[in-house]
Amino acid sequence: MPENSVSADLQTGSDKMVEWTDFERDTIKDIFSRIEYDVVGPAALARCLVVYPWTQRYFSGFGNLYNAAAIKGNPMVSKHGTTIMHGLDRAVKNLDDIENTYTELSVLHSEKLHVDPDNFKLLADCLTIVVAAQLGKEFTGEVQAAFQKFLAVVVSSLGRQYH
């Protein structure tokens, strides 16, 4: 399968099953085995809320989100960031069926929470930055490609209900 066809399929909402190479599978599992969910998740969500302040509207019940320090120190942001990481762990354990794994979360975020699906991509970008910082020089271009492919499949699956 040519490299660009995966992203094209994801952007068009294709129902084709994603094909993972052994390197991609091993890399994704390795990343998630090495990162601390209660550090990475809160840092990624906090970064998203700071860099893209309009995303804060979905977290109005989280209290003080007035500035970067308040966001980073907010226990509800921290808890939800960790929850996000455990949600991603479900995808890692179900690489061949991420779409169905996330059906309920897709419905929740689209129909009940009314989250703009573009925000999933913003959070994925912030997560990539945080993971890259944690892994340092081990986060090579090949590792990043596998990680971002994984996140693109997750984002597409979460946004599926919107199509």
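**Rings, core and helix packing**

Reader: Is Phe59 buried or exposed?

Author: Phe59 is buried, because its relative accessibility is 14% and the cut-off for buried is under 20%. Keep in mind that this is a predicted model.

Reader: And Phe62, buried or exposed?

Author: Phe62 is buried too, at a relative accessible area of 17%.

Reader: How many aromatic pairs turn up in the whole structure?

Author: A search of the whole structure gives six. One of them is Phe59 with Phe62, a tilted pair with 5.0 Å centre to centre and 55° between the planes.

Reader: What about Phe139 and Phe147, and why is that pair edge-to-face?

Author: Their ring centres are 6.2 Å apart and the planes sit at 75°, so the pair counts as edge-to-face; the cut-off for that is over 60 degrees. Both Phe139 and Phe147 are buried.

Reader: Which residues are in the aromatic cluster?

Author: Phe32, Tyr37, Phe139, Phe147 and Phe150 make up one cluster.

Reader: OK, switching to the core. How many residues are in the largest nonpolar one?

Author: That core has 43 residues, and Phe32, Leu127, Val131 and Phe150 have the most contacts inside it. The elements giving it two or more residues are helices H2 (22–34), H3 (37–51), H5 (75–93), H8 (118–135) and H9 (141–158). H8 supplies the largest share, nine residues.

Reader: What does Val131 touch?

Author: Leaving out residues up to four places away in sequence, Val131 touches Ile31, Ile35, Val40, Phe139 and Phe147.

Reader: Now the helices. At what angle do H5 and H9 pack?

Author: At about 105°, with 11 Å between their axes. H5 and H9 are therefore roughly perpendicular, since 65 to 115 degrees is the range for that.

Reader: Which residues meet there, from H5 and from H9?

Author: Leu88, Ala91 and Val92 of H5 meet Phe150, Leu151 and Val154 of H9. By class, the contact has six nonpolar residues, no polar ones and no charged ones.

Reader: Last one: where is Val143?

Author: Val143 is in helix H9. Val143 is buried because its relative accessible area is 13%.

Reader: What is Val143 in contact with, neighbours within four places aside?

Author: Phe23, Thr27, Ile31 and Glu138 are its contacts. Val143 and Asp26 are also 10.0 Å apart, C-alpha to C-alpha, while 117 residues separate them in sequence.

Terms used
Residues numbered from 1 in each chain as written. Predicted model: local features only at pLDDT ≥ 70, side-chain atom pairs only at ≥ 80, totals over all residues. Heavy atoms only, no water. Phe/Tyr/Trp six-rings, centres within 6.5 Å; stacked < 30°, edge-to-face > 60°. Buried < 20%, exposed > 50% of the residue type's maximum accessible area, 1.4 Å probe, protein only. Core = buried A, V, L, I, M, F, W, Y, C linked by side-chain atoms within 4.5 Å. Helix = DSSP H or I, 4+ residues; strand = E, 2+ residues; numbered from the N terminus. Contact = heavy atoms within 4.5 Å. Axes fitted to C-alpha atoms, helices over the stretch in contact; angles between N-to-C directions. Parallel < 35°, antiparallel > 145°, perpendicular 65-115°, else oblique. Nonpolar A, V, L, I, M, F, W, Y, C, P; charged D, E, K, R; others polar.
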